[in-house]
Number of protein chains: 2
Amino acid sequence: MSSTRPDAAPVLVADIGGTNARAAIVTRPGSAPDPVFKRRTRDFDGLAEFLASALEELGGGHRPRSALCAVASPVDRDPIELTNAGWRFSRAGTADALGLDRVEFVNDWVAQGWATTQIGDDHLQTIHPGRPDPMAPRLALGPGTGLGSALVTPGSTDWQVFATEGGHISFAPRTAREWALVERIQARFGHCSAERLASGIGIETVYAALHDIDGTTPRRTGAEAIAQAALEGDSVCGEVIEMMTAALGSAAGDLALATGARGGLYLGGGLIPLLSDAFDWGLFCRRFTAKGRFRDYLESIPVHAMTHPAPALYGLSVYLTHSRM
Amino acid sequence: MSSTRPDAAPVLVADIGGTNARAAIVTRPGSAPDPVFKRRTRDFDGLAEFLASALEELGGGHRPRSALCAVASPVDRDPIELTNAGWRFSRAGTADALGLDRVEFVNDWVAQGWATTQIGDDHLQTIHPGRPDPMAPRLALGPGTGLGSALVTPGSTDWQVFATEGGHISFAPRTAREWALVERIQARFGHCSAERLASGIGIETVYAALHDIDGTTPRRTGAEAIAQAALEGDSVCGEVIEMMTAALGSAAGDLALATGARGGLYLGGGLIPLLSDAFDWGLFCRRFTAKGRFRDYLESIPVHAMTHPAPALYGLSVYLTHSRM
């Protein structure tokens with residue numbers, strides 16, 4: 001389904017996260033974007049500034065007339081607000097500022113969903129091979145600042161990708177310690193979603209809640225510092241990462257059952273690469289399949305980590321083969 | 001998408017549940033089946049005996065040459081075993097026994113999923129109108145003996161229906177009493193799924209677990225007797241139905257988030273009609289939307305109860321417009 005038209009106009013693609021912003025120029029829709037321009041989101045005052053900087057660095061011989069951006073936000077409105085980045089922008093205003101004909105937006109997990117339809121073995125780490133059913137849905141899921149998800153379904157002639165809110169399902173505890181955590185998080189936020197444990201904000205929330213349960217004083221700030229301390233042997237931080245990993249595995253299993261995702265689970269998001277060796281894939285897989293009589297069903301589902309440096313940009317490249325710009 | 005070909009051959013459709021078996025003859029694919037032949041499944045020795053009885057009663061001027069059956073089982077095998085009914089049958093053997101050219105099978109919740117694409121207001125009770133998004137997935141869900149589900153997605157030219165296992169997601173407790181129940185059920189079955197609370201078997205499981213927690217002796221057997229006692233004011237039975245209802249609402253909310261089902265929630269299954277006035281729709285809806293920041297998202301989702309006497313047969317009729325027999 002990928003296009004290899006030699007006359008395809010280059011398109012500037014961008015993925016704006018709460019922490020990092022990435023961009024690339026796609027000259028062959030469907031191919032892996034390379035090179036990838038990556039900067040801290042907070043180093044720019046807005047979308048137009050970031051895109052101008054990306055165009056200047058990447059442009060070279062290419063002159064894109066349009067841009068396609070993945071954003072962590074609903075895209076059925078104009079202007080769009082990115083709460084995490086503190087940015088607000090309109091389609092027309094952004095296009096005018098950059099001298100482009102057109103700027104369009106796609107939800108960031110819908111973009112990652114499109115990546116799952118084409119991403120190859122060289123950009124995947126297969127955690128568990130499974131026995132994929134090519135006629136079944138696929139699930140794109142991943143922890144970054146939050147926990148994002150999308151549903152990918154095969155049709156008679158083409159794939160479809162649907163935005164979902166899988167990160168916001170209630171977290172189901174399996175141990176008394178996990179239930180104590182759920183009680184604290186419910187009391188603080190009104191609801192204990194999977195995201196409240198299994199994400200960057202989850203690591204900070206669980207760290208605070210465990211100190212609250214144990215009557216100790218938290219000393220660290222930020223998911224990265226907590227993960228680093230876990231790797232250095234800090235026992236509380238180690239338990240935080242363990243609970244986050246278990247919660248992610250458990251939620252992934254629930255989401256796979258809910259969507260019938262026998263086509264495969266594709267993990268993205270910035271948190272797992274950040275955690276590196278502190279992330280225990282064995283624990284993740286044990287909790288993914290710990291669903292009683294449905295263990296075999298879940299064991300048949302392939303689990304892949306997307307290792308491309310920018311799966312959302314890859315997904316935008318694939319999206320361009322379906323929706324020409 | 002419904003066919004009104006005057007030359008469409010009549011098809012015998014049947015829905016084989018663990019408790020009841022239903023059949024009808026479809027002469028106009030896509031229309032609501034009427035009349036519906038309904039019997040106790042256990043009153044027949046097997047599928048061919050049931051279908052023969054249905055043909056005799058319904059046949060009249062119609063001579064179906066094929067049958068399409070919804071079964072609570074995976075349908076990618078031959079022979080098919082229906083554990084709950086204690087039946088085992090092959091496609092060819094069943095066709096031969098009845099003198100039919102062809103007998104085909106569809107998963108029962110996939111059939112209910114097809115019903116959601118066409119069922120009209122006269123066969124729906126709208127519990128909550130919402131603001132449906134016609135481009136978003138729909139969710140078919142319902143408690144009978146177990147808790148079944150299917151995912152329904154709109155495509156560019158047609159609907160698709162996918163078998164899912166939403167009843168087997170882990171149940172997420174919100175109260176200490178619910179957590180006590182989860183602990184008992186995990187100890188007994190290894191995993192506490194939504195189905196272990198929100199189904200016919202769930203009512204019996206919760207009834208036993210509550211007696212275990214409270215150190216009392218259970219006296220009743222069967223979901224129907226427990227529901228009847230709840231209506232007559234028995235406090236333990238009342239709590240059982242309340243916990244089942246809350247668990248169903250909570251699981252429905254999780255499944256709607258997991259699938260992005262802004263097209264609507266369509267409830268089927270035999271349990272809600274059986275519970276009648278003991279089923280508290282207000283409690284169901286409160287738990288459906290009790291997902292923190294995603295309350296508005298869930299409140300936008302229409303909730304319908306399918307009131308047709310046989311939604312799976314209706315779904316098979318719709319399926320015939322997509323896959324001619």
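# Interface and aromatic pairs

Trainee: How many salt bridges are counted between chain B and chain A?
Mentor: The model is predicted. A salt bridge here needs a side-chain nitrogen of Lys or Arg within 4 Å of a carboxyl oxygen of Asp or Glu. Between chain B and chain A, the count is 2 salt bridges.

Trainee: Which residue meets B:E195 in a salt bridge?
Mentor: The cut-off is 4 Å. For this side-chain pair, the N to O distance is 3.1 Å. The partner of B:E195 is A:R293.

Trainee: How many residue pairs are in polar contact between chain B and chain A?
Mentor: Both residues of a pair must reach pLDDT 80 or more.

Trainee: Which element gives the largest share of the side of chain B that touches chain A?
Mentor: Several elements of chain B give two or more residues to that side, including strand 10 (147-154), strand 11 (159-163) and helix 4 (176-189). The largest share is 5 residues. Its source in chain B is helix 7.

Trainee: What area do chain B and chain A bury between them?
Mentor: The contact takes 40 residues from chain B and 40 residues from chain A. Carbon and sulfur atoms hold 58% of the buried area. The area itself is about 3300 Å².

Trainee: Now the rings. How is the aromatic pair of A:F279 and A:F284 classed?
Mentor: Over all chains, the structure holds 19 aromatic pairs. In this one, the centres are 6.1 Å apart and the planes stand at 45°. An angle under 30 degrees would be stacked, and one over 60 edge-to-face. The pair of A:F279 and A:F284 is therefore tilted.

Trainee: Is A:F284 buried or exposed?
Mentor: The cut-off for buried is under 20% relative accessible area. A:F279 has 5%, so A:F279 counts as buried. A:F284 has 0%, so A:F284 is also buried.

Trainee: How is the pair of B:F284 and B:F288 classed?
Mentor: The ring centres of B:F284 and B:F288 are 6.2 Å apart. Their planes meet at 10°, so the pair is stacked.

Trainee: What separates B:F284 and B:F288 along helix 9 of chain B?
Mentor: Helix 9 of chain B spans residues 281-289. B:F284 and B:F288 are 4 residues apart in helix 9, so their separation is about one helical turn.

Trainee: Which residue lies over the face of A:F189?
Mentor: A charge over a ring needs NZ of Lys or CZ of Arg within 6 Å of the ring centre. In chain B, B:R196 lies over the face of B:F189 at 3.7 Å from the ring centre. In chain A, the distance is 3.7 Å, and the residue over A:F189 is A:R196.

Conventions: Residues numbered from 1 in each chain as written. Chains lettered and ligands numbered in written order. Predicted model: local features only at pLDDT ≥ 70, side-chain atom pairs only at ≥ 80, totals over all residues. Heavy atoms only, no water. Phe/Tyr/Trp six-rings, centres within 6.5 Å; stacked < 30°, edge-to-face > 60°. Buried < 20%, exposed > 50% of the residue type's maximum accessible area, 1.4 Å probe, protein only. Lys NZ or Arg CZ within 6 Å of the ring centre and 35° of its normal. Contact = heavy atoms within 4.5 Å. Buried area = accessible area lost by both parts, 1.4 Å probe. Polar contact = N/O pair within 3.5 Å; in protein donor to acceptor, adjacent residues only side chain to side chain.
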